[in-house]
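Work through the following exercises with the sequence and the model open. Each task is followed by a stepwise solution.

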Amino acid sequence: MTQNYEFQCLDAQPTVIATYQLNPYIVVGFKGGLVRLFDIQNFVFVKELTEPQGDVLRIAVSHDDQTIAIADSTGTLNIYDGQGEYRK
C-alpha cells in the first residue's frame with residue numbers, strides 16, 4: 001500500500017526523506033544540516049537531530065527501526081538510535 005504525505009517547512013529546505021519500516025515515523029533532512037523526526041500517524045514533530053553540519057545528503061533507517069544513519073555534505077556519517085538519540 002502506498003501513502004502520500006505532503007508537508008511544508010517554512011524555515012528550511014528539505015533535501016531528503018526516509019521512512020521507518022515498522023513505525024509511523026519519517027526523518028527529514030534539510031540544507032544546512034537540520035534533521036527532524038516526525039510522527040506521521042499523529043501529525044506531530046517528535047525531535048530535532050542536531051549533529052549533521054553540512055547539507056543532509058542521505059538518510060537510512062534500519063529494517064528494524066533501531067538505527068538511523070545520516071550522511072552530510074562534509075563527509076560525516078552520524079548514527080542515531082531509533083528514537084533519535086545520537087550515538088557517539
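**Exercise 1.** In this predicted model, find the distance between the closest N and O atoms of arginine 36 and aspartate 11, and state what kind of contact the two residues form.

Solution.
- Step 1. The closest N and O atoms of arginine 36 and aspartate 11 are 2.8 Å apart.
- Step 2. A salt bridge requires a side-chain nitrogen of Lys or Arg within 4 Å of a carboxyl oxygen of Asp or Glu, and arginine 36 and aspartate 11 do form a salt bridge.
- Step 3. Arginine 36 belongs to strand β3 (residues 35–39), while aspartate 11 sits in the segment before β1 (14–19), so the pair ties together parts 25 residues apart in sequence.

**Exercise 2.** Classify arginine 36 and aspartate 11 as buried or exposed.

Solution.
- Step 1. Buried means under 20% relative accessible area, and exposed means over 50%.
- Step 2. Arginine 36 has a relative accessible area of 12%, so arginine 36 is buried.
- Step 3. Aspartate 11 has 55% relative accessibility and therefore counts as exposed.

**Exercise 3.** Which residue of strand β4 is linked to arginine 36, and through what contact?

Solution.
- Step 1. The side chain of glutamate 48 meets that of arginine 36 in a salt bridge, at 3.3 Å from N to O.
- Step 2. Glutamate 48 lies in strand β4 (residues 44–49) and arginine 36 in strand β3, twelve residues apart.
- Step 3. With a relative accessible area of 35%, glutamate 48 is partly exposed.

**Exercise 4.** Which residue forms a salt bridge with lysine 47, and how many residues apart in the chain are the two?

Solution.
- Step 1. The partner of lysine 47 is glutamate 85, with the closest N and O atoms 2.1 Å apart.
- Step 2. Glutamate 85 is in the segment after β7 (77–81) and lysine 47 in strand β4; they are 38 residues apart.
- Step 3. Both count as partly exposed: glutamate 85 at 41% relative accessibility, lysine 47 at 23%.
- Step 4. As for networks, salt bridges with shared partners join Asp11, Arg36 and Glu48 into one.
- Step 5. The count of salt bridges comes to three.

**Exercise 5.** Does the radius of gyration of the protein agree or disagree with the value for a compact globule?

Solution.
- Step 1. The protein has zero helices and seven strands.
- Step 2. For 88 residues, a compact globule would have a radius of gyration near 12 Å.
- Step 3. The protein has 12 Å, which agrees.
- Step 4. Along the principal axes, the C-alpha atoms fill a box of roughly 35 × 30 × 20 Å.
- Step 5. Of the 88 residues, 39% count as buried.

Note on methods: Residues numbered from 1 in each chain as written. Predicted model: local features only at pLDDT ≥ 70, side-chain atom pairs only at ≥ 80, totals over all residues. Heavy atoms only, no water. Helix = DSSP H or I, 4+ residues; strand = E, 2+ residues; numbered from the N terminus. Rg over C-alpha atoms; globule rule 2.2 N^0.38 Å. Buried < 20%, exposed > 50% of the residue type's maximum accessible area, 1.4 Å probe, protein only.
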